[in-house]
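Please find below a colleague's note on the model under review.

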Amino acid sequence: MATTENTTEKGFLKAKSQQGMSTPSQSQRMFFMAQITLRILAIVFTVAAIPIMVTAKEPLSFIGLSIEPSYSQSSAMKFLLGADAIVCAFSVLSLLFVWTLSRSASPTTNYFFLFLHDMVMMVLMISGCAAGTAVGYLSKYGQRESFWNPFCNYVTKFCHQMLISTVLSYLAFFCYLALNILTAYKLTPRATE
């Protein structure tokens with residue numbers, strides 16, 4: 001019984017270095033767990049943002065005319081929806097790639113390609129979010145210089161749904177920002193020593 005405890009204790013001590021820092025296998029495992037978790041969160045946020053934006057409708061009667069604002073009436077919102085869909089699809093594919101990376105000893109070039117993928121997804125996501133935010137700001141506050149009147153006072157439910165969708169898209173962007181930071185740290189020479 002004592003030998004089992006000693007072996008367990010020795011195995012535990014082997015997992016830690018002399019300074020109490022994680023061994024490379026532990027840091028590798030933590031890296032992949034963070035990668036998988038952040039990618040799943042990005043998928044969840046984009047999957048949630050898409051139906052909220054698509055179902056955002058609120059009929060409005062104005063001088064006998066019936067108007068129903070929709071995301072499809074704004075090219076910026078269509079772009080944000082497309083960015084959400086692309087990032088969601090490529091997040092699923094990259095999740096499979098990361099899973100295969102974790103199963104094998106992969107060269108540094110694979111991490112570089114992962115970094116490039118995450119950078120493209122992050123830039124696509126922030127550009128869609130910026131476009132959606134600009135249209136949302138004009139819808140909420142208007143712009144008097146160009147005679148753009150705010151209309152969110154008339155269709156509050158529609159504007160709230162578009163805001164929720166945009167916030168979810170921003171959360172997906174922050175997931176990819178964190179993924180880029182993690183992978184960049186992984187690619188630095190001191191992280192691999």
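Predicted model: local features only at pLDDT ≥ 70, side-chain atom pairs only at ≥ 80, totals over all residues.

**Notes on the model**

1. L96 is located in helix α3, which covers residues 75-103; helices (H or I, at least four residues) and strands (E, at least two) are DSSP runs, numbered from the N terminus. L96 is exposed, its relative accessible area being 52%.

2. Residues are numbered from 1 along each chain as its sequence is written, and side-chain values use heavy atoms, with hydrogens and water left out.

3. The protein contains six helices and two strands. Read from the N terminus, the order of the elements is α-α-β-β-α-α-α-α. Of its 193 residues, 33% count as buried.

4. L96 also contributes to a nonpolar surface patch of about 440 Å², together with I86, F90, V92 and L93. Patches consist of residues with over 30% relative accessible area and no salt bridge, where like charges are joined within 9 Å and nonpolar side chains (Val, Leu, Ile, Met, Phe, Trp, Tyr) within 5 Å. The areas come from the Shrake-Rupley method with a 1.4 Å probe, and for residues only the protein chains shown count as cover. I86, another patch member, is found in helix α3 and is partly exposed, at 38% relative accessible area. The C-alpha atoms of I86 and M121 are separated by 8.3 Å, and these residues are 35 apart along the chain.

5. How many salt bridges does a search of the whole structure find? The search finds one, a salt bridge being a side-chain nitrogen of Lys or Arg within 4 Å of a carboxyl oxygen of Asp or Glu. The partners are D118 and R39, whose closest N and O atoms are 2.8 Å apart. D118 lies in helix α4 and R39 in helix α2 (residues 24-54), so the pair ties together parts that are 79 residues apart in sequence. Both D118 and R39 are buried.

6. Helix α4 spans residues 108-141, 34 residues in number, and reaches 48 Å from its first C-alpha to its last, close to the 50 Å expected at 1.5 Å a residue. That expected span is 1.5 Å times one less than the number of residues. G142 follows α4 and has a positive phi, near 70 degrees. T109 is found in helix α4 and is partly exposed, with a relative accessible area of 46%. Between the C-alpha atoms of T109 and L187 the separation is 9.3 Å, although 78 residues set them apart along the chain.

7. F32, in helix α2, is buried at 6% relative accessible area; its C-alpha is separated by 7.3 Å from that of V98, 66 residues apart along the chain. S74 is in the loop between β2 (65-67) and α3 and is buried, with a value of 15% relative accessible area. From S74 to V135 the C-alpha distance is 8.1 Å, and the two are 61 residues apart in sequence.

8. The largest pocket holds about 760 Å³ of space. Its lining has 33 residues, of which S139, F151, C152, F158 and C159 are the closest to the centre. The elements giving two or more residues to this lining are β1 (60-62), α4 and α5 (156-187). On a 1 Å grid over the protein atoms alone, a pocket is an open set of points where a 1.4 Å probe fits, with protein on both sides within 12 Å along at least five of seven lines, and lining residues have an atom within 4 Å of a point. Grid points are joined across faces, edges and corners, and the volume is the space filled by probe spheres set on the points.

Conventions
Buried < 20%, exposed > 50% of the residue type's maximum accessible area, 1.4 Å probe, protein only.
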